[in-house]
Amino acid sequence: MAHAATLEIANLSMQYQVEGKKLPVLDNITLSIKPGEFVSIVGSSGCGKSTLLRLIIGLENEYQGDIFLDGNRIVGTSLERGIVFQEHRLFPWLTVEQNVGLGLLNASGSEAGKRTSVQEHIELVGLKGFENAYPYQLSGGMSQRVAIARALVNRPEVLLLDEPFGALDALTRSHLQQELQRIWEQEGITMILVTHDVEEAAYLGDRIVVMQPRPGRIKRIVDVPLARPRDRASADFTAIEEAVLGEFSDKSQVELLSVTAQQSRVSDW
Amino acid sequence: MSKLTDIQQDGLPNSPSGALSKIQWRGWVLPLALLVLWWLVTAQGWVNTRLIVPPANVLKVAVTTLSDPLFYQGVLFSVGRDLSGFFFGSLAGVLLGTLLGVSRLADRLIGPTFHTVRQISLFAWLPLLSSWLGYGELSKLVFISLSTLYPVALGTFEGVRSVTKAHAEVARVFRFSRMQMLSRLILPAATPQIATGLTLGLVYAWVATIGSEFLLANWGNGLGNIVIKGRAAFNIELIIFGMLAIGGVGVFFNRIAVRIESRALRWRGPRV
């Protein structure tokens with residue numbers, strides 16, 4: 001089992017330069033994530049939730065404040081941190097097996113050990129028998145499973161998920177949510193899920209971080225003290241969903257949303 | 001005929017072969033009709049048969065030429081020239097296209113010159129090449145390489161530019177080195193356009209091979225020289241046979257290219 005990481009985010013702020021002007025994207029984010037914890041981040045578009053993930057993975061490096069993984073400041077990308085994007089981003093010229101193997105390209109270990117690991121992770125996401133298939137032969141859900149296997153194969157300490165099921169149909173999505181929960185329990189690693197789906201956030205997360213836009217801030221953190229697997233129809237579950245949704249429905253938020261519509265050009269983050 | 005069907009099936013594995021062979025058959029209608037027309041106008045004496053010779057005479061010359069070992073030597077010389085020029089030209093083309101595609105600096109420095117020089121018709125290079133290098137093998141080789149270079153460099157350039165930011169980010173997440181970026185991401189992503197460039201380059205190389213045998217003629221051996229000899233002797237039959245042989249070799253090359261291409265690009269799935 002992989003070592004699970006502690007993630008410390010302190011006073012994190014970030015701006016984009018748009019036509020010479022500074023546009024705040026994230027403002028003073030402070031968040032502490034325990035090893036093995038599953039944290040969901042929800043927010044409307046433009047609240048900087050994806051940018052936050054890009055900072056943690058190390059694809060963006062211009063920020064103020066601190067991001068520490070197990071006490072070490074994050075600089076650039078690292079094999080300790082894995083990510084699943086909204087689009088599967090598989091390499092279409094590689095088979096399922098070769099795509100998963102990309103995750104181990106720069107990892108240490110023997111070739112035989114890597115092959116075993118690839119095979120294990122293909123089985124973990126339920127794609128045994130599809131090792132030699134090309135991405136064009138896979139459905140959206142299967143492709144996303146490969147992307148999850150590729151992200152997990154080098155046993156990262158933290159897995160970031162950027163709306164990974166956003167483009168899938170409802171049935172596939174709910175099935176993959178269950179699968180992701182099983183994988184999280186099996187691997188025991190820290191996971192951070194960004195989503196705009198409140199039900200998904202509540203189903204998977206130990207905590208739900210609610211963000212608000214312009215600039216992106218943490219509005220509230222909702223604990224989800226429910227045993228797994230969770231019953232989406234239970235009163236406790238819907239109460240948590242409503243608590244989160246309540247954060248989106250106040251007056252100031254509506255005003256902000258109308259501003260969002262006017263500034264749609266810069267809100268495509 | 002069966003070979004052609006096979007190639008088509010490589011590209012379209014799900015199509016029923018019956019429908020395909022029907023489509024292939026239609027491709028033969030026009031050439032056969034022209035052949036019949038050719039035979040008719042010459043047999044009826046409607047044209048000057050010294051200029052438009054009867055098909056039967058061409059066939060006779062073909063049989064004679066095909067039984068002459070010198071002919072095969074000529075084919076080998078031409079094909080050898082073609083392939084060596086193609087090899088150097090496509091190697092240089094892939095290198096140049098990759099350089100222009102990955103390096104903004106190289107694109108700014110070399111790009112404008114490359115695109116300007118490209119406007120010079122390839123055959124306009126011949127006087128310069130023959131002045132510098134004479135009429136021998138070297139100037140033919142340089143000419144064929146140059147002809148191959150442009151389509152391959154352009155295809156490679158476009159392919160390299162088509163790499164998406166999304167895939168580049170995946171490569172960064174997995175900490176690809178520069179070499180891995182090139183060998184695992186950029187070149188594989190560019191293969192469809194490189195393949196198109198190479199296929200086109202092969203056509204250009206063959207055109208240049210025959211062209212160089214015409215225009216840098218030093219009475220050497222080659223398929224192009226057969227046509228030259230035919231013209232010198234006012235042997236229209238030999239000219240027509242030479243043209244058919246040149247076309248035949250070109251078609252053969254193209255079939256091999258299509259086959260290799262569809263094998264290299266099978267990850268794209270069946271194309272409709």
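Author: The buried residues of H1(A) are Lys49(A), Ser50(A), Thr51(A), Leu52(A), Leu53(A), Arg54(A), Leu55(A), Ile56(A) and Ile57(A). Buried means under 20% relative accessible area, exposed means over 50%, and partly exposed is what lies in between (1.4 Å probe, protein chains only). Helices (H or I, at least four residues) and strands (E, at least two) are DSSP runs, numbered from the N terminus.

This is a predicted model, in which local features need pLDDT of at least 70 and side-chain atom pairs count only at pLDDT 80 or more, while totals for chains, interfaces and linings use all residues; side-chain values use heavy atoms, with hydrogens and water left out. Residues are numbered from 1 along each chain as its sequence is written, and chains are lettered from A and ligands numbered from 1 in the order in which they are written.

Nine of the nine residues of H1(A) are buried, so the helix is largely enclosed by the rest of the structure. Just after H1(A) comes Gly58(A), with a positive phi of about 100°.

A salt bridge here is a side-chain nitrogen of Lys or Arg within 4 Å of a carboxyl oxygen of Asp or Glu. The pair crosses between chains, from Arg54(A) in helix H1 (residues 49-57) of chain A to Glu169(B) in helix H9 (residues 165-173) of chain B. Both ends are covered: Arg54(A) is buried at a relative accessible area of 15%, and Glu169(B) counts as buried at 4%.

Other salt bridges of chain A can be set beside this one. Arg173(A) forms a salt bridge with Asp197(A), with the closest N and O atoms 3.6 Å apart. Arg173(A) lies in helix H5 (residues 170-187) and Asp197(A) in the loop between strand E8 (190-195) and helix H6 (198-204) of chain A, so the pair ties together parts that are 24 residues apart in sequence. Arg173(A) is partly exposed, with a relative accessible area of 23%, whereas Asp197(A) is buried at 18%. Arg54(A) and Glu169(B) belong to a network, joined by salt bridges that share partners, whose other members are Glu60(A), Glu87(A), Arg89(A) and Lys165(B).

A search of the whole structure finds 22 salt bridges over all chains. One of chain A is between Arg207(A) and Glu37(A), where the closest N and O atoms are 2.5 Å apart. This pair links distant parts of the chain: Arg207(A) is in strand E9 (residues 207-212) and Glu37(A) in the loop between strand E2 (21-33) and strand E3 (38-42), 170 residues apart. Both Arg207(A) and Glu37(A) are buried.

Helix H7 (residues 235-248) has 14 residues and reaches 20 Å from its first C-alpha to its last, close to the 20 Å expected at 1.5 Å a residue; the expected span is 1.5 Å times one less than the number of residues. Its buried residues are Phe237(A), Ile240(A), Glu241(A), Val244(A) and Glu247(A). They cover an arc of only 115° around the axis, which puts them on the same side of H7(A); the arc is that of the directions from the helix axis to the C-beta atoms. An α-helix has 3.6 residues a turn, so residues three or four places apart point the same way. The face of H7(A) turned away from the buried side carries the exposed residues Ala235(A) and Glu242(A).

One of its residues, Ala205(B), sits in helix H10 (residues 178-215) and is buried, with a relative accessible area of 0%. Leaving aside neighbours within four places in sequence, Ala205(B) is in contact (heavy atoms within 4.5 Å) with Asp82(B), Phe86(B), Ile144(B) and Thr148(B). By contrast, Val36(B), in helix H3 (residues 29-43) of chain B, is exposed, with a relative accessible area of 52%.
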